[in-house]
Amino acid sequence: YKVISELSKTNPVFHNEQGFQDYLVHTIEKIYPKLTIKFEHKARLDEGHRSYIDILIRNENGLYIPIELKYKTNKLNCNFDDSVYELSNQSAEDITRYGYLKDISGLEKFSELEEKFIVGYAILLTNQRNVWNESYSGSGNTFENFLINENFVVQSGVKKWSDNTSKSIKQTY
């Protein structure tokens with residue numbers, strides 16, 4: 001929370017996810033200099049299947065703190081601290097929700113398979129209001145299982161697209 005609080009004061013907007021990742025790591029290193037940080041750590045999350053964790057932190061005792069990041073934007077043009085930001089419209093809030101929950105699922109699998117795991121974080125930074133907009137709850141939409149509204153409790157169990165979701169989305173994600 002200390003790191004995110006610092007980020008919100010000094011850099012509330014980023015050009016892209018890589019900039020967010022770099023600045024996050026820089027802030028972690030500044031606040032907690034004894035930690036070791038790796039980018040894109042190859043991890044076994046399923047039997048025979050490997051995936052990558054965006055950031056893997058190792059504390060002084062060799063224990064792991066994985067972090068998964070998502071940075072999804074709606075169109076925004078603004079100036080901050082003498083820099084011009086021109087964010088693209090990535091829309092597809094349903095895909096944003098799905099990807100975020102998939103990251104959480106990956107962290108859960110990592111925690112089950114890695115004995116050095118102590119805590120994991122999935123961080124979603126977005127200006128896509130509909131991602132957390134409560135008006136979507138209970139609306140019978142295609143992504144009902146992927147809601148992540150503020151104060152919404154995500155139920156355990158298998159999450160899948162509704163029956164009326166297009167085949168192309170179901171196959172891709």
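Of the 19 residues in the largest nonpolar core, which touch the most other members?

Reply: The model is predicted, so local features need pLDDT of at least 70 and side-chain atom pairs count only at pLDDT 80 or more, while totals for chains, interfaces and linings use all residues. Residues are numbered from 1 along each chain as its sequence is written, and side-chain values use heavy atoms, with hydrogens and water left out.

The residues in question are Phe20, Leu24, Ile28, Ile55, Ile57, Ile67 and Leu69. A nonpolar core here is a set of buried Ala, Val, Leu, Ile, Met, Phe, Trp, Tyr and Cys residues joined through side-chain atoms within 4.5 Å. Buried stands for under 20% relative accessible area, exposed for over 50%, and partly exposed for the range in between, with a 1.4 Å probe and protein chains only. Two or more residues of this core come from each of helix 1, helix 2, strand 2 (49-58), strand 3 (64-72) and strand 5. Helices (H or I, at least four residues) and strands (E, at least two) are DSSP runs, numbered from the N terminus. A second, separate core has eight residues, among them Ile95, Tyr100, Val131 and Trp161. In soluble globular proteins, nonpolar side chains tend to be buried together.

As for the setting, the protein has five helices and six strands, in the order α-α-β-β-β-β-β-α-β-α-α along the sequence. Of its 173 residues, 34% count as buried. Taking contacts (heavy atoms within 4.5 Å) between residues at least 6 apart in sequence, 50% join residues at least 24 apart.

Neighbours within four places in sequence aside, isoleucine 55 contacts Gln21, Leu24, Val25, Ile37, Lys38, Ile65, Pro66, Ile67 and Leu69.

Next, the helix pair that contributes to the core. Two packed helices are described by the angle between their axes and the distance between the axes. For helix 1 (residues 2-10) and helix 2 (residues 17-31), the axes come within 10 Å and cross at roughly 120°. Axes are lines fitted to C-alpha atoms, for helices over the stretch in contact, and the angles run from 0 to 180 degrees between N-to-C directions. The two helices are therefore oblique to each other; angles under 35 degrees count as roughly parallel, over 145 as roughly antiparallel, 65 to 115 as roughly perpendicular and the rest as oblique.

On the helix 1 side, the contact is made by Lys2, Val3, Ile4, Glu6, Leu7 and Thr10, and on the helix 2 side by Phe20, Tyr23, Leu24, Thr27, Ile28, Lys30 and Ile31. These residues divide into eight nonpolar, two polar and three charged. Here Ala, Val, Leu, Ile, Met, Phe, Trp, Tyr, Cys and Pro count as nonpolar, Asp, Glu, Lys and Arg as charged, and the others, Gly among them, as polar.

Threonine 27, in helix 2, counts as buried because its relative accessibility is 2%. Residues up to four places away in sequence aside, threonine 27 touches Val3, Glu6 and Leu7. Histidine 26 is also placed in helix 2, but with a relative accessible area of 44% histidine 26 is partly exposed. From histidine 26 to isoleucine 37, 11 residues apart in sequence, the C-alpha to C-alpha distance is 10.0 Å.

Phenylalanine 14 sits in the loop between helix 1 and helix 2 and is buried, since its relative accessible area is 4%. With neighbours within four places set aside, its contacts are Leu7, Gly19, Phe20, Tyr23, Tyr71, Tyr85, Leu87 and Leu125. Leucine 125 is 111 residues away along the chain, yet the C-alpha atoms of phenylalanine 14 and leucine 125 are 9.7 Å apart.

Leucine 124 belongs to strand 6 (residues 121-126) and is partly exposed at 21% relative accessibility. Sequence neighbours within four places aside, leucine 124 contacts Lys70, Thr96, Tyr100, Val131 and Ile148. Tyr100 and Val131 are also listed among the residues of the second core.
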